[in-house]
Amino acid sequence: MSPRSPSVNEELRRRSRERLLQATVDLVGERGYEATTLGDIADRAGAARGLVSYYFPGKRQLLQSAVHRLMHLTLEAALEREPRPEDGRERLARAVDAILGLAVDRPLLMRTHMSGVLQAEGFVQCPEQQRLAFLLRDTVERYGSRDVEADYPMLRALLMGAVFAVLLPGAPMPRERLRAELFQRYGLDWELGVPPGERPPGGTVPEMLHG
């Protein structure tokens with residue numbers, strides 16, 4: 001039997017990593033962070049437990065990468081949904097709705113993620129985060145920004161703040177109010193994107209991943 005080619009090995013490693021990331025999102029969303037062990041994640045992913053530490057330095061870093069992947073997939077699905085938008089304002093509206101929607105649909109997972117970002121180790125610069133950043137930067141550019149280097153981190157900060165406000169225990173803010181503030185800031189009509197109460201065609205990424 002001939003040995004596997006480097007490209008095949010690379011694909012197998014990619015699939016193993018993806019399974020671990022998906023298992024992390026599922027388990028932390030179901031049980032919470034403290035009740036989920038690295039062994040649980042490996043078992044759910046059908047992977048050897050040593051693979052977790054091979055790909056990720058710890059559980060907190062694994063969780064951040066897993067949530068960044070979910071955010072990237074959710075944002076990508078929103079931006080690519082038919083009819084694909086050519087208008088930069090529609091793309092920005094979809095981006096806002098996609099991220100706020102995650103906070104509403106996956107509160108335990110997103111609250112855990114936000115808490116981890118504020119820990120000492122801070123923001124994890126992983127491949128999943130870089131893919132998410134690329135989509136957001138591209139959205140800002142297509143919106144018509146004249147200074148993407150300044151406007152991209154501002155959009156990221158505003159979205160993170162809105163997610164935090166949705167998830168704040170004991171004093172959450174309604175998604176509709178936060179959406180209105182963001183839409184007003186960027187000059188977006190309320191009918192753009194997916195206004196609260198409506199469902200995008202084909203369902204959401206979380207539904208497709210678990211359906």
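In the predicted model, helix α4 (residues 59-80) packs against helix α7 (residues 127-143) at an angle of about 35°, with the axes 8 Å apart; helices are DSSP runs of H or I of at least four residues, numbered from the N terminus. Axes are lines fitted to C-alpha atoms over the stretch in contact, and angles run from 0 to 180 degrees between N-to-C directions. The contact (heavy atoms within 4.5 Å) involves Ser65, His68, Arg69, Met71, His72, Leu75, Glu76 and Leu79 of α4, and Glu128, Gln129, Arg131, Leu132, Leu135, Leu136 and Thr139 of α7. Residues are numbered from 1 along each chain as its sequence is written. Local features need pLDDT of at least 70 and side-chain atom pairs pLDDT 80 or more, whereas totals for chains, interfaces and linings use all residues, and side-chain values use heavy atoms, without hydrogens and water.

The second largest pocket is lined by Glu10, Arg13, Arg14, Arg17, Glu18, Tyr55, Arg69, His72, Leu73, Pro127, Glu128 and Arg131. A pocket is an open set of points on a 1 Å grid over the protein atoms alone, where a 1.4 Å probe fits, with protein on both sides within 12 Å along at least five of seven lines; lining residues have an atom within 4 Å of a point. Helices α1 (6-31), α4 and α7 each supply at least two lining residues, and α1 gives the most, with five.

A UniProt record (unreviewed entry) places a "DNA-binding region" at residues 37-56; such annotations may be inferred rather than shown by experiment. In the model, this span is 75% helix and 0% strand, and its end C-alpha atoms lie 14 Å apart; strands are DSSP runs of E of at least two residues.
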